[in-house]
Structure formats: structure tokens, C-alpha cells
Amino acid sequence: MRLGVLDIGSNTVHLLVADAQPGGRPLASTSEKSTVRVMRYLLPDGSISQEGIDAILSAVARARAVADTEGVSELLATATSAIREATNGADVIAQIEAVIGMSLQVLGGSEEARFTFLAARRWFGWSAGQILLFDIGGGSLEIAGGADELPQLAESVPLGAGRMTVEMLPTDPPGDEAVERLAFHAEEQLAAVAARFGRIPSPDHVVGSSKTIRSLSRLVGYKRAGWSGNPRWMLPQAALEAWLPVLARIPASARQELPGITPERTFQITAGAVVLNEAMKALDADELEICPWALREGILLRYAEDSGW
């Protein structure tokens with residue numbers, strides 16, 4: 001079966017097309033991505049501007065056309081925090097559904113965390129034991145932990161890299177004082193979350209997913225040999241913290257020259273680094289390993305199970 005996941009997120013509209021079969025892993029065949037950065041189109045009343053709606057609909061239409069060209073038999077369309085929380089979100093969702101010709105599943109933050117946690121569990125397997133997962137999107141930070149395929153605890157915190165850039169790092173470069181304010185804000189937001197995670201067993205394996213965390217691992221992390229020849233990327237918290245003053249002082253145009261930082265991530269990579277650093281410190285995570293799978297793969301895996309495979 002050829003499946004497609006259309007993920008309408010806070011930063012990008014991303015279509016992943018994969019061939020799925022009983023007992024097999026999702027094999028991605030096509031990926032279509034448009035950078036939208038919804039947070040930049042939010043008006044003071046919390047609504048998405050008409051310009052932002054047009055950008056979303058244009059990206060969705062391109063993705064729908066690619067899905068049709070690729071012969072997708074089932075398209076799974078989801079929207080995450082930016083659409084979910086906009087004051088005109090219901091109207092935007094209706095317009096998206098008109099473009100794609102189907103209903104849109106709007107995910108809550110804890111649902112995002114659970115889908116991503118399933119993807120991480122399948123990637124690392126049962127031998128990973130108790131997993132602690134960090135996932136940074138444009139609008140929110142998801143954290144989940146547990147020893148099974150469903151997390152024992154899943155939390156969503158409004159500390160997304162795009163949201164924090166717009167709200168707390170509006171100048172370019174942001175400078176040390178703004179970065180310190182964001183770090184303090186993230187520390188405050190994470191205090192209660194960290195206390196709740198302190199009540200479940202300590203992790204055997206700490207992992208991170210999402211493009212922001214993968215980009216940061218290329219910048220500050222290192223590679224270990226993998227079991228099948230593919231490298232395992234590791235991201236130490238101390239190395240991440242050491243890079244924060246550098247990221248605070250250089251403009252976005254220069255950040256894209258850094259290792260691992262793609263042009264679409266230069267806008268929000270500094271905020272993402274600050275948030276991840278504070279989250280790892282709050283939950284006593286000295287190092288994490290990158291999981292190549294994330295929300296979209298989790299949705300594919302869950303759909304396969306729900307189809308009775």
C-alpha cells in the first residue's frame with residue numbers, strides 16, 4: 001500500500017509518501033516540503049493573516065498534487081499546534097479540507113508526542129528500555145517517556161522554535177540578553193514538567209527527533225558507528241550550551257554557513273538550541289541520540305496497525 005502523510009506544521013507543510021507492507025518498515029519514496037513559518041503570519045488577536053492562509057493553501061495544493069502523481073492510495077492529513085491554536089483555526093481548517101478534498105485530523109500536543117514516541121520505540125526497539133524523547137517543532141516542544149510503545153507520560157509545552165523566535169528573539173542577531181531571557185522563560189515553563197517526569201523511572205536511553213534537533217546534532221554533536229553501517233548521531237548537552245553564545249551573536253545569514261544548519265532552519269535554530277538545552281538540563285539528560293523517525297513515521301505505523309496488520 002502506498003500511503004502519504006501530509007503534516008501541516010508550524011514551520012513547514014510536509015508530505016511523506018511511503019510504501020508500507022505487513023511486517024515491514026515504512027519505506028519513504030517521496031518527500032515534498034514547503035517552508036511556511038506560520039508563526040510569522042500571526043496577528044495580534046491570535047489569528048492567521050490572509051497572507052499566511054494563502055501560503056498554507058498554496059503549499060497544501062502542491063502537496064496534494066504530488067500525492068496524486070505518486071499514486072497515494074490513502075492520504076493521512078494532519079495539522080499541529082499553529083493551526084490548532086489560531087483564533088481563526090476552524091476557518092483555516094475548513095479551507096484546507098476544501099483544497100485536499102478530505103477531512104483533516106487536528107492533533108493535540110500529547111497526541112503528537114505519542115505518535116513520535118511510537119516511531120522512536122520502533123526505531124530503537126525494546127532493548128532501548130525506558131526511553132525519554134524530546135521533539136521540538138515550530139510551535140511546541142513535546143516530551144514523552146516510557147518503557148512501552150505508548151508513553152507513560154507525554155507532555156506538550158508552548159516552547160516551539162518558531163514561536164520562541166517570534167515572541168522572544170525578534171531581532172537578528174538576538175544577542176546575549178535576549179537569549180538569557182528565553183533561557184529563563186524556558187526554565188520556568190519546564191519546572192512543573194520536569195517534576196512530573198521525575199516521578200517515572202529514569203531513562204535508559206534519551207533520544208531526540210525533529211529537523212531542529214537533527215540540525216543541532218550536526219552542529220555540536222558527533223557520530224558513532226551504527227549497527228548497519230549508518231552513523232548514530234549523538235548530541236551532548238554541554239557542547240550545545242557552549243554554542244549558545246555563538247548562535248546569539250551571528251545573524252541568520254551567517255548561521256546557514258554552519259555545519260548542519262539548512263537555510264530553512266536559520267530563522268529559528270537559535271531559539272531551538274536554547275529550548276533544547278534548557279529541556280535537557282531540566283530533565284537531567286547529559287546526551288541524546290538522534291532518531292531519524294518522528295511524527296510522520298509514527299502516524300504511518302499506527303495507521304498500519306489500525307488497518308489490522
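## Strand β12 and its partners

Strand β9 (residues 205–209) and strand β12 (residues 287–290) run parallel and are joined by two bridges, where helices (H or I, at least four residues) and strands (E, at least two) are DSSP runs numbered from the N terminus, and two strands pair if DSSP finds at least two bridges between them. In this pairing V207 stands opposite E289 of β12. Strand β11 (residues 232–236) is joined to β12 by three bridges, and these two strands run antiparallel; here M234 stands opposite E289 in β12.

The model is predicted, so that local features need pLDDT of at least 70 and side-chain atom pairs count only at pLDDT 80 or more, while totals for chains, interfaces and linings use all residues. Residues are numbered from 1 along each chain as its sequence is written, and side-chain values use heavy atoms, with hydrogens and water left out.

## The five-stranded sheet

An open sheet of five strands, with mixed pairing, has the order β3-β2-β1-β4-β5. Because β3 and β5 (105–106) stand at the edges with a single partner strand each, one side of each is left without a neighbour in the sheet.

Strands β1 and β2 pair in the antiparallel sense over seven bridges, and the hairpin that joins β1 to β2 passes through three residues. Within this pairing L6 stands opposite L15 in β2. On to β3, the antiparallel pairing of β2 comprises eight bridges, with T12 opposite T35 in β3. Strand β2 is mostly covered, seven of its eight residues being buried, where buried means under 20% relative accessible area, exposed over 50%, and partly exposed in between (1.4 Å probe, protein chains only).

## Helix α1

The end C-alpha atoms of helix α1 (residues 50–69) are 29 Å apart, which agrees with the 28 Å that its 20 residues should span at 1.5 Å a residue; the expected span of a helix is 1.5 Å times one less than its number of residues.

The buried residues of α1 include G52, I53, I56, L57, A59, V60, A63, V66 and A67. Their cover includes the strands β1 (2–8), β2 (12–19), β3 (27–35) and β4 (74–79), together with the helices α2 (81–85) and α3 (89–100). Just after α1, G71 takes a positive phi of about 70°.

Helix α10 (residues 269–282) has 14 residues and reaches 20 Å from its first C-alpha to its last, close to the 20 Å expected at 1.5 Å a residue. Because 12 of its 14 residues are buried, α10 is largely enclosed by the rest of the structure; the buried residues are I269, T270, A271, G272, A273, V274, V275, L276, N277, E278, A279 and M280. Just after α10, D284 takes a positive phi of about 55°.

Helix α8 (residues 237–249) packs with α10 at an angle of about 150°, their axes being 10 Å apart, where axes are lines fitted to C-alpha atoms, for helices over the stretch in contact, and angles run from 0 to 180 degrees between N-to-C directions. The two helices, α8 and α10, are therefore roughly antiparallel to each other (angles under 35 degrees count as roughly parallel, over 145 as roughly antiparallel, 65 to 115 as roughly perpendicular and the rest as oblique). The contact (heavy atoms within 4.5 Å) is made by Q237, L240, E241, L244, L247 and A248 of α8 and by T270, A273, V274, L276, N277, M280 and K281 of α10.
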